[in-house]
Amino acid sequence: MRLVWTLLFALASSVAIAASPEDDYIAARDKAISDIAAQESANAQVETLDATNTKALADLQQRLSAILGPLSVKDFPATGTINLESLSASDIGYGMLDGLRYANSDEGPSIVATTRGLADRWLQSRADGDDESLRLPTGLDDALKLDAFYTQAIGADAAFVKTLDFSLKKPEGADMAIARLGGWTQDVGPIYDQQVVVAVVKGDRVLIAEAPASPPVPKIAACEALWTAADAAAQKFQEAYQGSDLKDQQAYDSANAAWEKGDGDYRACMGERLPGDPAFPALLSQAQQLADHMAGK
C-alpha cells in the first residue's frame, strides 16, 4: 500500500509541475527575446537579426494558434497572425499584448484575441516599469478602462486617445464589455479618423476589436472653435520661442501648456456634445454589434 501511495503522489506531483501551453509560449518568447538581444550585443548583421525575429515570431504564432484555436466571430477570419510586431526591444512594436490579430485587410476592422492568463501576465510585466507613465494596473477590469492599455497592447507607433465611452448592454454570456470611441495620434489636437474599440471578456478569452468609426465622427463647430483658439495662442508663444533662438523657456512651456489645455478642452467638448449629434446612434450601434458578435451572438 505504501508503494501505491508513493507512486500516486509522484504522479500527482509530476502533473502539478508540468508546464502549460501558456508557460511554454512565455518561455519560448523570452528565449527568443534573449537570443535577439545577444545577437544585437554582438553586432550581428541586420539580415541575421531579421531572420531570427521572423522565425521566432512564426514559432510563437503557431503556439498561440494552438492555445486559442480558431476564432468564431461573424465577419472575421478564423485564423490570425501574431499581434507582436518585433522581439527586439529596440524596435517599434516590441512588447505588445501576447495574442493573435484577426483581420480581412490592413485597413478594416480587426480583433486581437488572447487568454485571461496571458493578459494577466502581460499586465503584471507592466505594473512596475521604470517609466511611471507606462505602468498599468494588474487587474484586467481596471486596465481595459485606460487609454494606456490600448496604446501598449494593440498600438505600435502612436497613442490611443479616447473621445468618449459608449454605454453598452453587456452581451449575454460575457463577463465584461467595454467600448470607447477614440483615435491614434502622435500629437495633440483633433483626430478626425476615429475608431470604435470594443473589449469583451468571456470566460478565458479576451477579445479586443477595432473598427473605423461608421459613420465618420462629425466635426462639431463649438469644439473646433476651442481647439482653433488654443492653437492660435500656442503658435504665438511658439513664435516668441523661435525668435529667442530657442532660449525663452517660458515661451516654450507656455506654448505646450496652451496646446495641452486646448486638446483637453476639445476632447471634453466632443465627449459632451457628440451624444446629441445625429451620427451618434449609428456609432453606438456599431459598438454594440461588435460586442455582441464577439460574445457569440
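**Labels and their grounds**

Guide: Strand E6 (residues 195–202) has 7 of its 8 residues buried, so the rest of the structure largely encloses it. Buried means under 20% relative accessible area, exposed over 50%, partly exposed in between (1.4 Å probe, protein chains only). Helices (H or I, at least four residues) and strands (E, at least two) are DSSP runs, numbered from the N terminus. This is a predicted model: local features need pLDDT of at least 70, side-chain atom pairs count only at pLDDT 80 or more, and totals for chains, interfaces and linings use all residues. Residues are numbered from 1 along each chain as its sequence is written, and side-chain values use heavy atoms, with hydrogens and water left out.

Visitor: What makes E6 and E7 a pair?

Guide: Two strands pair if DSSP finds at least two bridges between them. E6 and E7 have 8, in the antiparallel sense. Val-198 stands opposite Ala-209 in E7. The two strands form a hairpin with 2 residues between them, and Gly-203 in the turn has a positive phi of about 60°. Strand E5 (residues 176–185) also pairs with E6, antiparallel, over 7 bridges. There, Met-176 has Val-201 as its bridge partner in E6.

Visitor: Why is the pair of Tyr-241 and Tyr-252 called tilted?

Guide: Rings of Phe, Tyr and Trp (its six-membered ring) pair if their centres lie within 6.5 Å; planes under 30 degrees apart count as stacked, over 60 as edge-to-face and the rest as tilted. A search of the whole structure finds 6 aromatic pairs. In one of them, Trp-122 and Phe-149 are 5.7 Å apart centre to centre, with 90° between the planes, hence edge-to-face. Trp-122 is in helix H4 (residues 116–125) and Phe-149 in helix H6 (residues 147–154), 27 residues apart. Both Trp-122 and Phe-149 are buried. The centres of Tyr-241 and Tyr-252 are 4.9 Å apart and their planes at 50°, so that pair is tilted. Tyr-241 lies in helix H7 (residues 221–243) and Tyr-252 in helix H8 (residues 249–273), so the pair ties together parts 11 residues apart in sequence.

Visitor: What makes up the largest nonpolar core?

Guide: A nonpolar core is a set of buried Ala, Val, Leu, Ile, Met, Phe, Trp, Tyr and Cys residues joined through side-chain atoms within 4.5 Å. The largest has 58 residues; Tyr-25, Leu-87, Phe-166, Leu-181 and Val-198 have the most contacts inside it. Helix H3 (residues 46–68) gives the most to this core, with 7 residues.

Visitor: Where is Asp-75, and how do you know that Asp-75 is exposed?

Guide: Asp-75 lies in the loop between H3 and strand E1 (81–82). Its relative accessibility is 57%, so Asp-75 counts as exposed. Asp-75 has a positive phi of about 75° although it is not a glycine. Most residues other than glycine have a negative phi, and most peptide bonds are trans.

Visitor: Which peptide bond is cis?

Guide: The bond from Ser-214 to Pro-215 is cis, with omega near 5°. Pro-215 lies in the loop between strand E7 (205–212) and H7.
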